[in-house]
Amino acid sequence: MRMCLLIYCEVADEAVIGSLRKAGIKGYTKLEEAQGEGTETEPKLGTHCWPGKNNVLLMALDEGQVRGVGDLIRKLKHDHPRAGLRGFLLPLEECI
């Protein structure tokens with residue numbers, strides 16, 4: 001299994017969640033109002049100077065889902081270049 005960590009601008013939430021649902025991904029945990037700085041877009045710090053915030057999704061994936069989700073993230077990055085979308089695949093030892 002793998003843990004997918006997906007970070008993106010809150011404005012892209014509908015596109016991201018909708019794409020995951022269409023791809024058959026049903027389980028995720030969403031953390032809202034995350035703040036931070038990346039390398040592809042301006043900082044999202046929720047302030048007057050650096051407005052906006054991010055959402056973070058955590059998804060436990062079995063190996064059969066990993067490739068499809070990776071392709072989906074690449075497509076979302078292409079279709080929404082200003083969303084600051086970044087995906088990470090991490091090893092997941094056990095799901096209890």
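Guide: A pocket is an open set of points on a 1 Å grid over the protein atoms alone, with protein on both sides within 12 Å along at least five of seven lines. This is a predicted model, in which local features need pLDDT of at least 70 and side-chain atom pairs count only at pLDDT 80 or more, while totals for chains, interfaces and linings use all residues. Residues are numbered from 1 along each chain as its sequence is written, and side-chain values use heavy atoms, leaving out hydrogens and water.

Visitor: What is the volume of the largest pocket?

Guide: The largest pocket has a volume of about 240 Å³, a volume being the space filled by probe spheres set on the grid points.

Visitor: Which residues that line the largest pocket are closest to its centre?

Guide: Those are Ile7, Glu37, Gly38, Asn54 and Gly84, out of 16 lining residues. To count as lining, a residue must have an atom within 4 Å of a point. By class, the lining has four nonpolar, seven polar and five charged residues. Asp, Glu, Lys and Arg count as charged, and Gly is among the polar ones.

Visitor: What makes Asp13 buried?

Guide: Buried means under 20% relative accessible area, exposed over 50%, and partly exposed in between (1.4 Å probe, protein chains only). Asp13 has 18%, so Asp13 is buried. Asp13 is found in helix H1. Leaving aside neighbours within four places in sequence, Asp13 is in contact (heavy atoms within 4.5 Å) with Tyr8, Lys30 and Asn55.

Visitor: Why is Arg2 called partly exposed?

Guide: Arg2 has a relative accessible area of 30%, so Arg2 is partly exposed. Arg2 lies in strand S1. Its contacts, with neighbours within four places in sequence left aside, include Met59, Glu63, Val66 and Leu92. Arg2 and Phe88 are 86 residues apart in sequence, and their C-alpha atoms are 9.7 Å apart in space.

Visitor: How do you know that the sulfur of Cys9 is too far for a bond?

Guide: A disulfide is a pair of cysteine sulfur atoms within 2.5 Å. The closest cysteine sulfur to that of Cys9 is in Cys49, and it is 17 Å away, so it is too far for a bond. The count of disulfides is therefore zero by this rule. Cys9 is buried at 9% relative accessible area, whereas Cys49 is exposed at 63%.

Visitor: How does the reach of helix H2 compare with the expected 24 Å?

Guide: Helices here are DSSP runs of H or I with at least four residues, and strands are runs of E with at least two. H2 (residues 63-79) has 17 residues and reaches 25 Å from its first C-alpha to its last, close to the 24 Å expected at 1.5 Å a residue. The expected span is 1.5 Å times one less than the number of residues.

Visitor: Which residues in H2 are buried?

Guide: They are Val66, Val69, Gly70, Leu72, Ile73 and Leu76. The buried residues of H2 pack against strand S1 (2-9), helix H1 (13-22), strand S3 (54-61) and strand S4 (86-91). Gly68 is also found in helix H2, but at 41% relative accessibility Gly68 counts as partly exposed.

Visitor: What is the phi of Glu33?

Guide: Most residues other than glycine have a negative phi. Glu33 is not a glycine, yet has a positive phi of about 65°. Glu33 is found in strand S2 (residues 29-34), and its relative accessible area is 51%, so Glu33 is exposed.

Terms used
On a 1 Å grid over the protein atoms alone, a cavity is a set of points where a 1.4 Å probe fits but cannot get out, and a pocket is an open set with protein on both sides within 12 Å along at least five of seven lines; lining residues have an atom within 4 Å of a point.
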